[in-house]
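Please look through the model shown below, and then follow a few questions on how some of its parts are arranged.

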Amino acid sequence: MNKKLLNPLKGALALLIISFNLFSHSISASDRPNVLMISVDDLNDWVGAFGGNPQCQTPHMDRFAEKSMVFLNTSCPGPVCGPSRSALLSGFMPATTGIYSNSNNMLDSPLVQSNTTLPEYFSKQDYLTISRGKIFHAHGSKKGIDIGHWAFDIFEQARSKIVIDAKQLNNRQKGIVHGKKLENPKFTRQGGSTFAFGPTVGGMDGLKDYETAKWFQKKLEEDYEKPFFMAVGISQPHLTWHVPQRFFDLYDLDTVQVPEYDLNDYKDILNTKGKTVDKPHDDFLWCQEYGLMKDAVRAYMAATSYADECVGMVLDSLANSKYADNTIVMIFGDHGWHLGEKLRFRKASLWREATQTPFIVHIPGMKKKQECKRNVNLIDIYPTLIDLCGLPTKELDGKSLKPLLENCDLPWSPTVTTQDKGNHSIISEKWHYIIRKKGTVEELYDLENDPMEFINLMQSNPEKVELAMKKLKPFLPKSNAEMVPRSNHDKSSKKLDATIKAKRDLALLK
Ligand SMILES: [Ca+2]
């Protein structure tokens, strides 16, 4: 995490304010702007505009940022795909719904059952909603899979056909390093998605995100009788990182820099009995054992550059379409990603690397880049889009970011990320407080002086703790919903569950 680029951009631009005023009164149905939201799975702050890794190349998103507001401090509602996306799309936080885990289907929450999700709301407000790729988190059932297909007027399932270059494959669970199956491999235990990476054979044809980008290129050439709400789901850089060789070739392995980590990082993260509670992650230990840290970092950057190119295809198509000047665009990750920081890979932590994610917003009329340092949250997307499109307000957990889009220096509150019941991160521009393990572990980091979160102040600096907690504690969730029952997580079925849509329509009519 490079903090050098996080300097405030002072002053709001008068021209922009004039153009925003277009949206400050109620908007007649025929003038409503289109919406294009692009979700990029497991994207961390290595996107150029966020400065997390100066080596990572994302020219398309960076170019887009030049005429957008870049939210430098955006938290996810939950630090894994399912809870984060469920919150963003339902408008309710994990602590409100009890959707804490990837095996919780949001449709099992009574609150979600009786409220429209973001795309359903836009559909009811006479938008044409169109989607392909991963927007909702997938869940399996006997009737087929639920991938949120029921939430859109037009939906196409995205599938992938890839051929992996076996000679260059690395796969922890299978014990394969540089294409060779090891005799007594270490760290082959399962644990989340397969930790594997290496180039594919061939070009872009058949790759999921590339095909999704091409699909949206065609959709942006079509004529529509009403405004559209398009949701583009890009699946990289989610594991596994298999993208064409040319994206790996963007990065010279010898000069790849690995993020800073401290092998004693956990020594000051103790529970109430004074014991260490964290262990280095298997992926991290495997990379250390076989000298693969640089390879893994390069693979994540390759996958990110590939995702960026696919995002760029959609953005270029929009720019060349008749919708260019009347479309709100939002690009966001669903949570962050560790690559060695705090001795781990992946998401699923409450540390900053996992809770913070890129978020870029373009409103028609924006011509220059603005950087907003306020602590916003993906939960704010739903109310913000309602506000910007002039639609009837709805009671939701987030708050509209329209005031910040008009003046990025406005005072704003800290925000929350929740991982499992009762475990929270509360972050301000200065402080980061974490409470987990039934309240037995607390951490406080001074982000201004310690952005990598090496020094837990909780035991060592009572003065700073008192100061920070006065500001942060009021934002702890007031109630912590019980987790909804776990659903079938088997996503092997290719068939979509056709019964959900009818059930959903019925429930929402009530
Ligand atoms: Ca994700």
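Q: How many bridges join strand β19 to β20?
A: Strands here are DSSP E runs of at least two residues, and helices are H or I runs of at least four, each numbered from the N terminus. Strand β19 (residues 431-436) and β20 run antiparallel, and two strands count as paired if DSSP finds at least two bridges between them. The number of bridges joining β19 to β20 is 6.

Q: Which residue in β20 stands opposite Tyr433?
A: This is a predicted model, in which local features need pLDDT of at least 70 and side-chain atom pairs count only at pLDDT 80 or more, whereas totals for chains, interfaces and linings use all residues. Residues are numbered from 1 along each chain as its sequence is written. In β20, the residue opposite Tyr433 is Leu444.

Q: In what order do the 4 strands of the open sheet lie?
A: The pairing in this open sheet is antiparallel, and its edge strands, which pair on one side only, are β17 (415-418) and β20 (441-446). The order is β17-β18-β19-β20.

Q: Is α10 largely enclosed by the rest of the structure or largely open?
A: A residue is buried if 20 or more other C-beta atoms, placed from the backbone, lie within 10 Å of its own, exposed if 12 or fewer do, and partly exposed in between. Because 21 of the 27 residues of α10 are buried, this helix is largely enclosed.
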